[in-house]
Amino acid sequence: MKNIAIIAALAASLDVTGAAHAGLSTSPPTVVILSPGNSIASQGYGALNGARRTSDKTQSIGCEVAATFDGWKYVSCYARNAQGNYASCYKVVPGSLQALAVSAVNTTTYIYFMGDRSGQCTYLSLTNESALLSQAGN
Amino acid sequence: MNKLAIVTALITSLTATVGAYAGAPPLRNPVNIFTANGSSLASGTFDAARHSSDSVQYIGCSMATDTVSSEYVSCFARNSSGATAYCYSSSPTLATIEALAGVNRTSYIFFKLNTTTGKCTEITINDQSTNL
């Protein structure tokens, strides 16, 4: 429980740090591929507005949730940075928070995820914040 | 089917009428933070915070999970004077999670916290046209 609180605080501080720099909506995706032997294989984070409004045509970030009528649920998140590096993770039969959080992704969302070597998400955070709106308000 | 068509036409005409009057004006609720008697209250709309003349205000909420068992939610705000408020819960109810999942650019957020523990004691999310 403490770990998730620490990571959540870290994710929040990344977000707030971005907001404090008056660019407010500039949080392009950052993809980190960690070295072998690390229990966390990859992580990605960034804001939808930041990704959409970069000058390159490479960066993107997002999540998806899928469900079948027999109760099977699936969520995944991905990010691609300016260099074209790609990270993603997925989780089958996620908890209620995961499915709801992913379904809540919109123009105000900042995404942070971590995945292990099997590709499964080990951490997922979604923050919806006013500072992530574009100046035009979308 | 005829009744459905009539009702649909009625709703459409009502919508068109409201559209002609440009809708109710925005409420423009900036970020407010108030502290008293061991509690803090914070509130504000996304739109008013983002488009305030200062570059200080913000408000938002976050959800996090280790994808196994732990779930963590938090809300945070900063007003035009730089005062901040932050609360968290490591045991959010499904209702809280559902409320936070609805946060978007039309949202007005209100949260209350215990200043001793830092834990959220109430979170309200309101989404309506006058928040834009």
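This is a predicted model: local features need pLDDT of at least 70, side-chain atom pairs count only at pLDDT 80 or more; totals for chains, interfaces and linings use all residues.

Colleague: Start with chain B, then. How many helices and strands does chain B have, and in what pattern?

Modeller: Chain B has three helices and seven strands, and along the sequence they follow the pattern α-β-β-α-β-β-β-α-β-β. Chain B has 132 residues, of which 40% count as buried, and among its contacts between residues at least 6 apart in sequence, 52% join residues at least 24 apart.

Colleague: Which strand pairs with β2 of chain B?

Modeller: Strand β2(B), residues 39-45, pairs with strand β6(B), residues 107-114, in the antiparallel sense and over seven bridges, with Ser43(B) standing opposite Phe110(B). Strand β6(B) also pairs with β7(B), again antiparallel and over seven bridges, and there Lys112(B) stands opposite Glu122(B).

Colleague: And what sits between β6 and β7 of chain B?

Modeller: Those two strands form a hairpin with five residues between them, and Gly118(B), in the turn, has a positive phi of about 80 degrees.

Colleague: Is Thr67(B) buried or exposed, and why?

Modeller: Thr67(B) counts as buried because it has 25 C-beta neighbours inside 10 Å, and the cut-off for buried is 20 or more. Asn37(B), on the other hand, is exposed because 6 other C-beta atoms lie within 10 Å of its own, where exposed means 12 or fewer.

Colleague: Switching topic: how many residues does each chain put into the contact?

Modeller: Chain B contributes 30 residues and chain A contributes 35. On the side of chain B, the elements that give two or more residues are α2, β3, β4 and α3, and β3(B) gives the most, with eight residues. By class, that side of chain B has 13 nonpolar, eleven polar and six charged residues.

Colleague: What does β3 of chain B pair with on chain A?

Modeller: Strand β3(B) is joined by six bridges to strand β7(A), residues 121-129, and the two run antiparallel. Within this pairing, Ser125(A) has Ala64(B) as its bridge partner.

Colleague: I keep looking at Met63(B). Where is it, and is it buried or exposed?

Modeller: Met63(B) is in strand β3 of chain B, and it is buried because 26 other C-beta atoms lie within 10 Å. Setting aside its neighbours within four places in sequence, Met63(B) is in contact with Leu97(A), Ala101(A), Ser125(A) and Leu126(A) from chain A, and with Val73(B), Ile97(B) and Leu100(B) from chain B. Of these, Ile97(B) is 34 residues away in sequence and 7.8 Å away in space, taken from C-alpha to C-alpha.

Colleague: Ile97(B) belongs to which set of buried residues?

Modeller: Ile97(B) is one of the buried residues of helix α3(B), and the others are Thr96(B), Ala99(B), Leu100(B) and Ala101(B). What covers the buried residues of α3(B) includes α3 of chain A, together with β3, β4, β5 and β7 of chain B.

Colleague: And the core: which residues have the most contacts inside it?

Modeller: The largest nonpolar core has 62 residues, and those with the most contacts inside it are Ala101(A), Ile111(A), Phe113(A) and Leu100(B). Leaving out residues up to four places away in sequence, Ala101(A) touches Leu124(A), Leu126(A), Met63(B) and Ala101(B).

Colleague: Last one, on chain A: what does its helix α3 lie across?

Modeller: Helix α3(A), residues 96-103, lies across β3, β4 and β5 of chain A, running at about 125 degrees to β3(A). Those three strands form an open antiparallel sheet in the order β3-β4-β5, with β3(A) and β5(A) as the edge strands and a twist that averages 10 degrees from one strand to the next. Strand β4(A) and β5(A) pair over seven bridges, where Cys77(A) has Cys89(A) as its bridge partner.

Methods
Residues are numbered from 1 along each chain as its sequence is written. Chains are lettered from A and ligands numbered from 1 in the order in which they are written. Two strands pair if DSSP finds at least two bridges between them. Helices (H or I, at least four residues) and strands (E, at least two) are DSSP runs, numbered from the N terminus. Axes are lines fitted to C-alpha atoms, for helices over the stretch in contact, and angles run from 0 to 180 degrees between N-to-C directions. Two residues are in contact if their C-beta atoms, placed from the backbone, lie within 7 Å. A nonpolar core is a set of buried Ala, Val, Leu, Ile, Met, Phe, Trp, Tyr and Cys residues joined through C-beta atoms within 7 Å. Ala, Val, Leu, Ile, Met, Phe, Trp, Tyr, Cys and Pro count as nonpolar, Asp, Glu, Lys and Arg as charged, and the others, Gly among them, as polar.
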